[in-house]
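Thanks, everyone. Have the viewer open while I talk.

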Amino acid sequence: MTAFTIDRFAGIAPWVLGAGWAVVVATPLARSAGRRSTVMRTAALRAPVLSTGETGAARARLGHVRARLRTALGPVARVAGALGRRRRSRRAGAALARELPVTLDLLGVAVGAGCTPFLAVEATARWAPPCFAALLTNVVGACSLNVGFDDALGDLVDNEPSLQALADALLVTDRLGAPAGPALARLADEQRATLRRRAEAHARRVPVRLLFPLIFLVLPAFGLLTVVPTLLNGVAHL
């Protein structure tokens, strides 16, 4: 019985000690929170009540300060906004360039299966990558509102001038009945070659960009960890 009681107490003792330490730690925090809330309420009661005129003057000063801040930070905000818009536009253009070969292949398959250019665009809009799916869906939606296929493609080119070759290939087929498959395949090959050249150029720039962390971060850290202790050890033995 005594051994059982000792074992039971040994199992409960850590929990009791933990609860005791929690109470010891939490008590000063609770007291500090109570004092802080009392001090804050007292400060709020002691705060002066502004009259209507003083409130209006304070608001006028605040508005004047805001106007000066807008005047001072206006050029910075415009430059930052222009840089942000340019970066977003560059990212959107890069995404379109990556998705263009797949979209051209899908259009070529649809045209080769006997679809008209409009039906090819409608079928491709359901299977194309996200950016081109949205663009081609807009073309199909415009045509469903009695907008001509030529005008819908013209609006597409106005928004994305890089798609001029794609629109021309579809329009030639729509107007003259010429096969669009070879033109679409050629455009897809050219776009893949362009993407390959861009990737190779980006890969060649990577070593140059890695020089900055190598020179300003890795080499100083190597010197601090190897050369400096050796020098200090040598000086200490002089």
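I'll go from the overall fold to the helix pairs, then to a few single residues.

First, a caution: this is a predicted model. Numbering starts from 1 along the chain as its sequence is written.

Start with the fold. How many helices and strands does the protein chain have? Seven helices, zero strands. Reading along the sequence, you get α-α-α-α-α-α-α. The protein chain has 238 residues, and buried ones make up 20% of them.

Next, helix packing. Two packed helices are described by the angle between their axes and the distance between the axes.

Pair one is α3 with α4. Helix α3 covers residues 117-127, and helix α4 covers residues 130-144. Their axes come within 8 Å and cross at roughly 135°. So α3 and α4 are oblique to each other. The crossing of α3 past α4 is left-handed. Who makes the contact? From α3, it is Phe118, Val121, Glu122, Thr124 and Ala125. From α4, it is Ala133, Leu136, Thr137, Val139, Val140 and Cys143. By class, the residues of this α3 with α4 contact are eight nonpolar, two polar and one charged.

Pair two is α4 with α5. Here the axes of α4 and α5 come within 9 Å, crossing at roughly 145°. What is the hand of the crossing, left or right? α4 passes α5 right-handed. On the α4 side we have Leu135, Val139, Ala142 and Cys143. They meet Phe149, Ala152, Leu153 and Leu156 of α5. The class count for α4 with α5 is eight nonpolar, no polar and no charged residues. Note Val139 and Cys143 of α4: they take part in the contact with α3 and also in the contact with α5.

Stay on α4 for a moment. It has 15 residues. From first C-alpha to last, α4 reaches 21 Å, close to the 21 Å expected at 1.5 Å a residue. Which residues of α4 are buried? Phe132, Ala133, Leu135, Leu136, Val139, Val140, Ala142 and Cys143.

Just after α4 comes asparagine 146, with a positive phi of about 70°. Most residues other than glycine have a negative phi. Asparagine 146 is a residue other than glycine, and its phi is positive. It's worth a look in your viewer. Asparagine 146 sits in the loop between α4 and α5. Buried or exposed? Asparagine 146 counts as exposed, because its relative accessibility is 74% and the cut-off is over 50%.

Helix α6 runs over residues 164-176, and helix α7 over residues 181-236. Axes within 9 Å, crossing at roughly 170°. That makes α6 roughly antiparallel to α7, because angles over 145 degrees count that way. The contact uses Ala165, Leu166 and Ala169 of α6, plus Ala183, Leu184 and Leu187 of α7. The residues of this α6 with α7 contact divide into six nonpolar, no polar and no charged.

First, leucine 163, in the loop between α5 and α6. Leucine 163 is buried, because its relative accessible area of 2% falls under 20%. What does leucine 163 touch, leaving out residues up to four places away in sequence? Leu100, Phe132, Leu135, Leu156 and Val157. The C-alpha atoms of leucine 163 and leucine 153 are separated by 9.3 Å, and these residues are 10 apart along the chain.

Second, threonine 103, in helix α2, residues 52-112. Threonine 103 is buried, with a relative accessible area of 0%. Leaving out residues up to four places away in sequence, threonine 103 touches Thr124, Ala128, Pro129, Phe132 and Leu136. Phe132 is touched by threonine 103 and also by leucine 163.

That's my tour. Questions, please.

How values were computed:
Predicted model: local features only at pLDDT ≥ 70, side-chain atom pairs only at ≥ 80, totals over all residues. Heavy atoms only, no water. Axes fitted to C-alpha atoms, helices over the stretch in contact; angles between N-to-C directions. Helix = DSSP H or I, 4+ residues; strand = E, 2+ residues; numbered from the N terminus. Parallel < 35°, antiparallel > 145°, perpendicular 65-115°, else oblique. Left-handed = near helix turned anticlockwise from the far one by under 90°. Contact = heavy atoms within 4.5 Å. Nonpolar A, V, L, I, M, F, W, Y, C, P; charged D, E, K, R; others polar. Buried < 20%, exposed > 50% of the residue type's maximum accessible area, 1.4 Å probe, protein only. Expected span 1.5 Å × (residues − 1).
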